[in-house]
Amino acid sequence: MARLLTLKLCKLLLLGCLGALPRLPEALPQYYIDPVYALVNPLPACTEHPSGIIAAAPHGRPMDDSTISFQITGARGSAAVASVCPELTYIIKVSFPDSRLGILSASAGTLTPLDTNVRVDDPKCPNRVDLGDSQFFASSFSVKYQINCAAADAAASGGVEFKVTSAGGGPSRWFQNSLTIRLASSGCANTCSGGNSSSSPGGAPASSAPPSPRPPTPSPQPPLPSPPPSPQPPSPAPSAPPPYPPQPPPSPSYGYGSYGPGYGGYGYGGYGGYGSYGHASNAPTNGSTVSDSPSPLPPSPPFPSPPSPSPLPPSPPSPSPPSPSPPSPAPPTSEPTAGGDLAWIDLPKMPVALRSVSSGMLVDSKNQKVVVAVGAGATPNATRTTLLLGLESLQWTIGAPRPCPGNHMGAVTLGNRLYLLGGFAPERTLCKSLQVYDPQSDSWAVGPALPFATGAGTAVAIGRSIYYCGGLRSESIVNASNTPVTDCARYDVDTGNWTMIRPMPFGVQHAAAGTDGVRMWVFGGRQSPGNVLGQDVNYVQVYDPANNTWESSATGAFTPLPVARGGMGAAAYLNSRFYVMGGERGCRPNAACANAATGLNTEGVFERVDRYDPATNSWEMAMPAMPLPRQGMHPVLAPGPGNLGVGVVYVCGGSPRAGGGASAACQYLVLQSDLRSLPQPERLTG
């Protein structure tokens with residue numbers, strides 16, 4: 001008991017210290033209902049909201065906010081209603097003037113998540129939901145609502161009150177609003193025994209008497225999709241395409257080898273390093289607190305002597321007899337998208353929707369190429385999940401869970417291992433150690449601690465070394481003390497040692513990094529103080545390991561990224577050129593975000609694909625754009641599925657809107673010229 005009291009006191013003291021810092025995002029309403037923080041003892045009732053100042057918490061007194069609006073419609077998205085009928089399902093949309101988290105309660109009835117970023121925080125409180133799952137800020141959330149006959153009878157006199165407590169990422173203040181809606185006394189289709197009779201099942205129309213002194217204001221947001229839209233490439237539409245500038249014809253030269261520069265095969269170090277498809281993966285994704293004491297880390301395979309001419313490096317022998325060859329994969333679900341030199345091909349959806357994805361391509365114990373994807377899901381179990389897409393079977397399977405789940409982790413592949421670096425972990429901590437996945441044994445190991453711990457940094461693998469740069473020291477602090485770091489370090493996989501290297505010219509977070517096998521390239525990102533949108537940059541920063549030097553577009557050495565942004569995940573290097581795709585802009589998802597000229601949609605996410613040629617130091621817009629615009633994905637360079645026989649870029653998961661959400665979509669990008677060069681029987685077998 002004494003230990004429990006001590007822990008609780010430590011938590012309260014910690015929260016009190018944090019409250020003294022300016023602009024902390026500690027006004028999270030979840031703290032009020034979360035037993036971990038125990039701000040209120042006993043825990044509040046299911047419909048109880050904070051009403052005053054809470055000791056040892058920085059939230060202050062909650063303020064009324066009439067800009068929070070409620071919209072209630074029928075389950076099929078019909079017109080707004082001003083009363084509800086028992087036993088029928090309604091959709092409640094709560095909209096905020098900016099991106100927030102919140103808790104929503106109903107005085108009677110049941111609330112059911114409709115978005116993947118909404119959850120029921122306590123099974124004992126089915127009438128209360130966590131808007132944003134304590135981490136996914138958004139400007140609106142939608143939930144289902146239903147009230148049974150018994151609850152309706154009990155609440156008939158006073159109606160049903162919906163109340164929300166919300167907070168944004170900056171001000172340490174809670175904001176509240178409520179709506180009381182009456183239960184229909186007529187207009188219900190015999191939903192309860194002895195109840196009302198009418199042919200209209202949707203409740204009274206919104207033109208009837210207002211349900212409360214605070215009627216819902218029209219939401220400026222378009223209705224959120226649920227679930228996220230299918231990643232099918234769009235069919236040709238009669239409307240004109242976005243007014244992207246006309247592009248020159250693609251260069252007929254694609255580098256020194258079949259699929260790019262290098263010495264053939266997949267290059268030194270497995271599927272990253274000097275090789276025909278390019279190099280290591282990099283980008284943000286996940287983390288959780290793990291011990292800084294490294295457990296025994298399996299050594300990486302030795303540096304190969306001459307590269308094998310075979311398109312696959314030899315795998316360690318499987319402990320069991322080889323399994324029969326998998327059947328040929330089914331053809332893709334759609335033809336390549338038209339209008340440009342790219343093609344987007346659909347793949348099976350991921351079994352779990354993920355955001356802030358980290359990925360890589362490896363070879364499993366059955367000698368099958370697999371794309372490994374991890375990221376942040378809607379639940380802790382989803383976040384711990386390791387997903388594997390077999391590129392011959394085209395089937396998703398579940399691998400061993402990560403030791404440190406979370407989000408925004410750097411990722412590279414080297415020596416048939418996937419390395420995860422840094423990242424934001426649960427309970428607002430950081431993942432401080434390497435995590436290494438071995439596909440041969442389907443197991444994770446914890447490696448040496450990073451010399452500096454950040455989330456949303458960038459990583460690449462060059463030769464037998466891994467380079468990690470930038471990111472944020474904290475996910476929760478939003479002030480000048482948490483600007484992106486310029487720190488960089490190199491990890492030698494053979495010795496297991498970290499070495500600090502020359503810092504970046506500009507500290508960035510949420511940038512996209514890639515490598516041509518010789519240098520580390522970092523594109524864009526943002527410089528906002530904390531894990532919030534804003535202060536996007538278009539820098540191109542390039543590190544030369546041979547000389548331990550940086551150059552950047554700020555000095556004129558390189559042409560900057562055409563559109564400043566963050567959240568692109570990784571820069572894929574295909575046929576001697578970098579591809580930087582998707583990303584997000586620091587604006588609220590609404591119509592005002594949209595900019596057809598730059599490829600920014602109403603959800604604050606870019607559909608554009610920018611292609612950079614280092615040989616000419618020039619950018620061009622690659623077309624067609626992403627069929628499903630996303631941010632927080634992690635493009636992976638790898639061989640095409642099945643016997644496609646060319647290099648492609650896999651794009652799985654990510655977020656379809658700025659600042660939150662998750663997608664299960666999976667596609668690959670391929671050059672149409674590569675498809676045309678294949679013998680006809682082998683075309684489009686992926």
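Let's start with the rings: searching the whole structure, which is a predicted model, turns up 18 aromatic pairs. One of these pairs joins Tyr650 and Tyr668; their ring centres are 6.0 Å apart and their planes meet at 55 degrees, so the pair counts as tilted. Tyr650 belongs to strand β35 and Tyr668 to strand β36, so this pair ties together parts that lie 18 residues apart in sequence. Both Tyr650 and Tyr668 are buried.

Here are the two partners side by side.

| Residue | Strand | Strand residues |
|---|---|---|
| Tyr650 | β35 | 647–652 |
| Tyr668 | β36 | 666–671 |

Rings can also join up in a cluster: ring pairs link Trp521, Phe523, Phe558, Tyr573, Phe578, Tyr612 and Trp619. The charged end of Arg565 sits over the ring of Phe606, at 5.4 Å from the ring centre.

Now for the nonpolar cores. Which residues have the most contacts inside the largest one? They are Ile72, Leu104, Leu111, Leu131, Tyr145 and Phe162, in a core of 33 residues. Several elements give two or more residues to this core, including β2 (69–74), β7 (128–131), α3 (149–155) and β10 (175–183). The element that gives the most is β4, with six residues.

Phe162 shows what such a position looks like. Leaving aside residues up to four places away in sequence, Phe162 touches Phe70, Ile72, Ile92, Leu104, Ser105, Ala106, Leu111, Tyr145, Asn177, Ser178, Leu179 and Ile181. There is also a second, separate core, with 29 residues, among them Met568, Tyr579, Ala622 and Met626.

Key: Residues numbered from 1 in each chain as written. Predicted model: local features only at pLDDT ≥ 70, side-chain atom pairs only at ≥ 80, totals over all residues. Heavy atoms only, no water. Core = buried A, V, L, I, M, F, W, Y, C linked by side-chain atoms within 4.5 Å. Buried < 20%, exposed > 50% of the residue type's maximum accessible area, 1.4 Å probe, protein only. Helix = DSSP H or I, 4+ residues; strand = E, 2+ residues; numbered from the N terminus. Contact = heavy atoms within 4.5 Å. Phe/Tyr/Trp six-rings, centres within 6.5 Å; stacked < 30°, edge-to-face > 60°. Lys NZ or Arg CZ within 6 Å of the ring centre and 35° of its normal.
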